[in-house]
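Dear colleague,

Please find below the structure that I am handing over to you, with its sequence. My notes on its aromatic residues and its nonpolar cores follow.

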Amino acid sequence: MKNSDIIKQNLGQLQANDPEYVRLVTQISGLWEDAKNKAILAVNTELLDANWLTGQYIVEFEQGGNAKAKYGDRLLVNLSKDLTRLNGRGFSRSVLTYMRKFYLAFPKCATVSHKLSWSHYIELLKCEDSLEMQFYMKESIKEGWKVRELKRQINSSLFQRLALSTDKEGVLALANKGHQVMSPADIIRDPYVLEFTGLPQRKQYKESELEKALKSNMEQFLLELGRGFAFMGRQYVIPIGSRRFKVDLVFYNAILKCYVLIDLKRAEIKHGDIGQMNLYLNYFKNEICQPDDNPPIGIVLGAKKDELLMEYALQDIDNQLFAARYQLYLPNREELQAQLDLLLDNTKEKK
């Protein structure tokens with residue numbers, strides 16, 4: 001809905017019927033909205049710069065002469081008390097620790113993006129790996145993630161999950177450029193993390209319950225799916241002859257310019273599920289896709305999959321069809337990081 005339409009709804013009947021008056025109100029409202037946004041941006045810029053400089057002062061003080069020996073571990077404790085006494089709240093030992101880490105992580109002020117808030121940087125600074133932190137920073141800026149969304153992606157180990165599907169060069173590209181969506185394979189994640197559904201891991205649930213939970217939490221599901229997805233419908237009917245088939249979830253990806261069909265399986269993916277999805281894709285190609293659409297993508301999403309069985313089931317299929325796992329709990333971050341470290345170490349040894 002346009003701003004002018006919203007304004008009309010909030011005006012008296014007489015004023016709403018006067019286009020010149022509506023234009024005046026719209027202009028002034030837009031002016032103040034822009035002014036507020038610029039003020040927020042300016043405050044954020046000053047806050048980030050002050051936090052960075054505070055970190056710089058602390059580090060330089062620690063490095064100067066015998067300051068380290070004289071104050072030791074009590075430096076930040078003393079600073080917290082004195083700065084709070086002089087300036088009020090906002091200078092706890094924890095906050096000062098993050099300011100110090102902020103400067104150490106971004107020793108050049110020019111590398112600090114003012115498109116992110118201080119709350120974003122606090123979450124980023126919790127990443128122990130510099131490549132991981134770079135990746136989440138790039139994605140936060142590119143995707144416009146709010147702090148809550150950034151925390152969710154870090155907690156779901158998105159960086160490790162994407163990195164483990166590539167090589168060392170791919171990991172470096174992830175860190176330097178963020179996640180690039182250029183081919184159907186780029187939108188696939190294995191596993192997909194669906195902890196937001198609220199379904200207990202061990203509960204006996206139906207596929208329809210999982211489907212409803214995903215639809216009820218569509219905002220989080222779209223975040224997990226990644227860039228460019230738009231939800232088109234649930235239980236999409238495919239009439240073929242006298243039979244009616246239903247695709248669990250249908251999306252459109254604006255980046256790849258194609259439909260994405262998802263079929264949910266509560267248990268292990270079977271070879272017959274692959275054939276069924278292939279049927280759906282052929283129907284969409286012939287009956288639904290427009291001339292400027294790219295071929296549709298199919299994802300069979302199950303709790304388990306047998307890699308060898310899927311290899312044979314997918315062999316010689318021309319359609320873009322993928323089998324992937326999902327899990328209803330957050331992955332073990334330490335285990336994924338250990339696998340990633342092993343991947344990088346093995347790459348180094350081969351070279």
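Phe221 and Phe251 are both buried in this predicted model. For Phe251, the relative accessible area is 0%. Phe221 belongs to helix H13 (residues 218-225) and Phe251 to strand E3 (residues 243-253), and their pairing links parts of the chain that are distant, 30 residues apart. The geometry of this aromatic pair is edge-to-face, with 5.8 Å centre to centre and 70° between the planes.

Phe251 also pairs with Phe229: the ring centres are 6.0 Å apart and the planes stand at 85°, so this pair too is edge-to-face. Here strand E2 (residues 229-240), which holds Phe229, is linked to strand E3, which holds Phe251; the two residues are 22 apart in the chain. Phe229 is buried as well, its relative accessible area being 11%, which is under the 20% limit.

Phe196, Phe221, Phe229, Phe231 and Phe251 are linked into a cluster by ring pairs. In total, the structure holds 16 aromatic pairs.

I turn now to the nonpolar cores. The largest one has 38 residues, and the members that touch the most others are Phe102, Phe106, Tyr121, Leu124, Tyr136 and Phe159. Beyond its neighbours within four places in sequence, Phe102 is in contact with Leu48, Asn51, Trp52, Val112, Trp118, Tyr121 and Leu125.

With kind regards

Terms used:
Residues are numbered from 1 along each chain as its sequence is written. This is a predicted model: local features need pLDDT of at least 70, side-chain atom pairs count only at pLDDT 80 or more; totals for chains, interfaces and linings use all residues. Side-chain values use heavy atoms; hydrogens and water are left out. A nonpolar core is a set of buried Ala, Val, Leu, Ile, Met, Phe, Trp, Tyr and Cys residues joined through side-chain atoms within 4.5 Å. Buried means under 20% relative accessible area, exposed over 50%, partly exposed in between (1.4 Å probe, protein chains only). Contact means heavy atoms within 4.5 Å. Rings of Phe, Tyr and Trp (its six-membered ring) pair if their centres lie within 6.5 Å; planes under 30 degrees apart count as stacked, over 60 as edge-to-face and the rest as tilted. Helices (H or I, at least four residues) and strands (E, at least two) are DSSP runs, numbered from the N terminus.
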